[in-house]
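Subject: Handing over a structure

Hi,

Here is the structure I promised to pass on to you. Have a look at it first, and then read on for what turned up.

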Amino acid sequence: MNILQINASARREGANSTRIADAIVTRLRAANPGARLTLRDLAVTPQPVLDEAALGALFTPAEQRSEAQAARVALDDALIAEVQAADVIVLGVPMYNFGTPTQLKAWIDAIARAGVTFRYTEKGPEGLLTGKKVYLALARGGLYRDTPADTQAAWLKTVLGFLGLTDIEFVYAEGLALGAEAARKGLAEAEAQIEAIAG
Ligand SMILES: Cc1cc2nc3c(=O)[nH]c(=O)nc-3n(C[C@H](O)[C@H](O)[C@H](O)COP(=O)(O)O)c2cc1C
């Protein structure tokens, strides 16, 4: 089993989302002793944003790319290869301003590539990253689970599903900014959800 862990917090240390993602990986590794882990911490190696130069590089045929353009596309290629090689993907995701950190958006922008991770057919779009399990470790200061304000979870489900990543298990650690007792409860609830993971 190949596990890919993506940490999306802007914090390298002390991130709740990373802590939950780590606990999920520990659980998976206990159940699958031979599992290999690839860890990508986007606070350490942030993916550059999808700007005009990056789009220009992507839309230039490979053999016509400048050295700089080829290098930019190679950064995205590396992330795509990691996802393709993974059987299980564990994403540690804080809520920032009702969305995800910019770092995670840049990661999604990197792995969503027409003809590679999705394609358009006569029947509509088809995700090509199939047969993988995804665990989402969601850390929030407030309480948004199962409310209309939780557009973050809805967006993640939509965009990952678009890429073929439809088998998603959500682990929520919520209420982390609502005082010590609420934070303790939120983390305990996340731990209980992790214990319930079959592995
Ligand atoms: C820039 C920023 C924006 C945030 N926006 C929200 C938000 O919209 N909703 C929410 O519930 N919590 C919000 N929080 C609280 C974080 O989700 C919470 O502190 C979480 O633990 C951060 O993730 P991390 O511990 O993995 O770094 C925000 C925190 C930061 C730093």
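How many nonpolar, polar and charged residues does the shell around the ligand have? By class, there are eight nonpolar, six polar and two charged residues. For this count, Ala, Val, Leu, Ile, Met, Phe, Trp, Tyr, Cys and Pro are nonpolar, Asp, Glu, Lys and Arg are charged, and the others, Gly among them, are polar.

A word on the basis: this is a predicted model, in which local features need pLDDT of at least 70 and side-chain atom pairs count only at pLDDT 80 or more, while totals for chains, interfaces and linings use all residues. Residues are numbered from 1 along each chain as its sequence is written, and side-chain values use heavy atoms, with hydrogens and water left out.

**Around the ligand**

The ligand is surrounded by 16 residues, with Ser9, Arg11, Asn16, Ser17 and Gly142 the closest; to be included, a residue needs a heavy atom within 4 Å of the ligand. Some polar contacts (pairs of N or O atoms within 3.5 Å) are worth a look. Arg11 places a polar side-chain atom 2.6 Å from an oxygen atom of the ligand. From the backbone, an N or O atom of Asn97 lies 2.8 Å from a ligand nitrogen atom, and a polar backbone atom of Gly141 is 3.0 Å from a nitrogen atom of the ligand. The protein buries 73% of the 630 Å² that the ligand exposes when taken alone (Shrake-Rupley method, 1.4 Å probe).

**Salt bridges**

The whole structure holds 12 salt bridges, each a side-chain nitrogen of Lys or Arg within 4 Å of a carboxyl oxygen of Asp or Glu. Some of them sit within helices (DSSP runs of H or I, at least four residues, numbered from the N terminus).

- In helix α3 (residues 67–85), Arg72 and Asp76 are four residues apart, so about one helical turn separates them. Their side chains meet at 2.9 Å, N to O, and both residues are buried (under 20% relative accessible area; exposed is over 50%, partly exposed in between, with a 1.4 Å probe and protein chains only).
- Asp109 pairs with Lys105, with 2.9 Å between the closest N and O atoms. Asp109 is partly exposed at 22% relative accessibility, and Lys105 is partly exposed at 37%.
- Glu181 pairs with Arg184, again with the closest N and O atoms 2.9 Å apart. Arg184 is partly exposed at 48%.

Finally, salt bridges link Lys133, Asp167 and Glu169 in a network.

Best wishes

Methods:
Helices (H or I, at least four residues) and strands (E, at least two) are DSSP runs, numbered from the N terminus. A polar contact is a pair of N or O atoms within 3.5 Å; within protein, one must be able to donate a hydrogen and the other to accept it, and residues adjacent in sequence count only if both atoms are side-chain atoms.
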